Amino acid sequence: MAFIGRTSELAKLSDLFQKEGTSCGIILGRRRIGKSELVKEALRNASVKHLYYECKKVSEASNVDSLSSLISDEFGLPPMLFKNIESVLEFFFKQYQNEKIILVLDEYPYLRENVKGLDSIIQSLIDKYKDNSQVKLLLLGSFVDVMNSLLEHSNPLYGRIDLTINLKQLDYLETSKFYPEYSLEDKVRLYSVFGGIPYYNKLVDPRKTVRQNIIDLIASEGARLENEVEMYLNSEISKMPNANQTFEALARGFTKYSDILSNSHVSSGPTLIDVLDKLMRMEVVVKKAPINQESNKKRVGYYISDNLSLFYYRYIFRNASRLSVMDPEAFYDRYIEKDFEEKYVPHIFEDIARQYLIKENKEGSIEPPFYKIGKYYYDDPVSKTNGEFDIVTEDENGYVFYEVKFTKVPLDKKVIEEEIEQVRKTNMNCTRFGFVSRSGFALKPGSNFKLITLKDLYE
């Protein structure tokens, strides 16, 4: 399969490789996000000598032996004898003073864990050889806290990092290139489950239906991704019961801190705060406030931002005992199918619409451009109730309201007029309206509203 996406990241790496002198780059990002594949693709495109080493969770001596053997094999040198990692690294800085070389240390936290003061060792070598070496050192790692610590002011490497790439998930449009054979509706469904993680999407079998891919990859005993979510969390979190309970509450739709605390059975408020902070640093949970009440702490909500985690905790984790004694097809029919189609996918479709609007805004296709997008909190003075609109943008003229529908029938004039009237009742300063529909529209665009089809999202 051809490499997909990451155009800007590849360009940044290419620039780093071409620079004169010593350079150091850090690439961090969650497990399975594609850090290693990104670097390997950049190396394939580079006309620079390179050595790629995946650090192991073993002693320093074992890593030295493995790295020494790799150096000998790659460069046709006699067996190399090094006493420690520092001497291996110094070899590169000394050896490559007139010729560029890229040295990649993947899973750097494993090596760092077993080499005392490794950050200081690298800092010292960079300072010593900064003017007379051509080494391009890349440090990769999945452990969020460890990799972020390399960028802190107190870390010896502070000020020596020439490039930092915090790799994020691919957007829905780039992700769809992993499965071009499917209909646009099925692309929405697949993204709803596997998100923008390249590794997960590479597993999708184009010969199978969306339903069968879900069953085979996550909704059956022994499925390839059955334990993927908990394995990722286990790599970063020591007390998994608290994380599981928090995720389960979030997956059930509890978003406010007080509701999560009372419905998750997490032991205490401070514990829940610690768990939520950790999950946000891992980028599987996000905290959002309405764009019209950003400073109101009572309106802040927490949401699962990783699609596979959301799917897993909504359907698999809570029904694990049932899954273990049921036929996978019957399990899917009973515990997934209806809710998935009627609630889960429509919810993710809203996120796709949000991504589309941001992309259009960045490309200059929305006039005037908006400077905020998010939820909008409102009070209804007539019914004395309150609520939220899920997608609202704010520009120099006011607010633009967007309604997103993943329904089987086209939206007609009656539905659109009802939605517009509902917004007007809130006294919201709404200057325009937008509608996004899976099944298109049974009317033409009006002067104050825009119609966006599924085809528009994927063009």
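Let me start with a cut-off: a residue is called buried when its relative accessible area is under 20%. The model on screen is a predicted one.

With that cut-off, take glutamate 107. Its relative accessibility is 17%, so glutamate 107 counts as buried. The residue sits in the loop that runs between β3 (101-106) and α5 (108-114). For context, most residues other than glycine have a negative phi.

Arginine 32 also has a positive phi, about 75°, and is not a glycine either. You will find arginine 32 in the loop between β1 (23-28) and α2 (35-45). At 28% relative accessibility, this arginine is partly exposed.

On to peptide bonds. Most of them are trans. The bond between glutamate 367 and proline 368 is cis, with omega about -5°. Proline 368 belongs to the loop between α19 (337-362) and β8 (372-380).

Next, aspartate 306, in the loop between β7 (301-304) and α16 (307-316). Is aspartate 306 buried or exposed? Its relative accessible area is 2%, so aspartate 306 is buried. Which side chains does it contact? One is that of arginine 30, through a polar contact of 2.7 Å. Another is the side chain of glutamine 169, at 3.1 Å.

Last, the surface. Arg252, Arg318, Arg322 and Arg334 form a patch of positive charge there. Within that group, arginine 322 lies in helix α17 (residues 320-323). Arginine 322 has a relative accessible area of 37%, so it is classed as partly exposed.

Methods:
Residues are numbered from 1 along each chain as its sequence is written. This is a predicted model: local features need pLDDT of at least 70, side-chain atom pairs count only at pLDDT 80 or more; totals for chains, interfaces and linings use all residues. Side-chain values use heavy atoms; hydrogens and water are left out. Patches are made of residues with over 30% relative accessible area and no salt bridge: like charges are joined within 9 Å, nonpolar side chains (Val, Leu, Ile, Met, Phe, Trp, Tyr) within 5 Å. Accessible areas come from the Shrake-Rupley method with a 1.4 Å probe; for residues, only the protein chains shown count as cover. A salt bridge is a side-chain nitrogen of Lys or Arg within 4 Å of a carboxyl oxygen of Asp or Glu. Lys and Arg count as positive and Asp and Glu as negative; His and the chain ends are not counted. The place of a charge is taken as NZ of Lys, CZ of Arg, CG of Asp or CD of Glu. Helices (H or I, at least four residues) and strands (E, at least two) are DSSP runs, numbered from the N terminus. Buried means under 20% relative accessible area, exposed over 50%, partly exposed in between (1.4 Å probe, protein chains only). A polar contact is a pair of N or O atoms within 3.5 Å; within protein, one must be able to donate a hydrogen and the other to accept it, and residues adjacent in sequence count only if both atoms are side-chain atoms.
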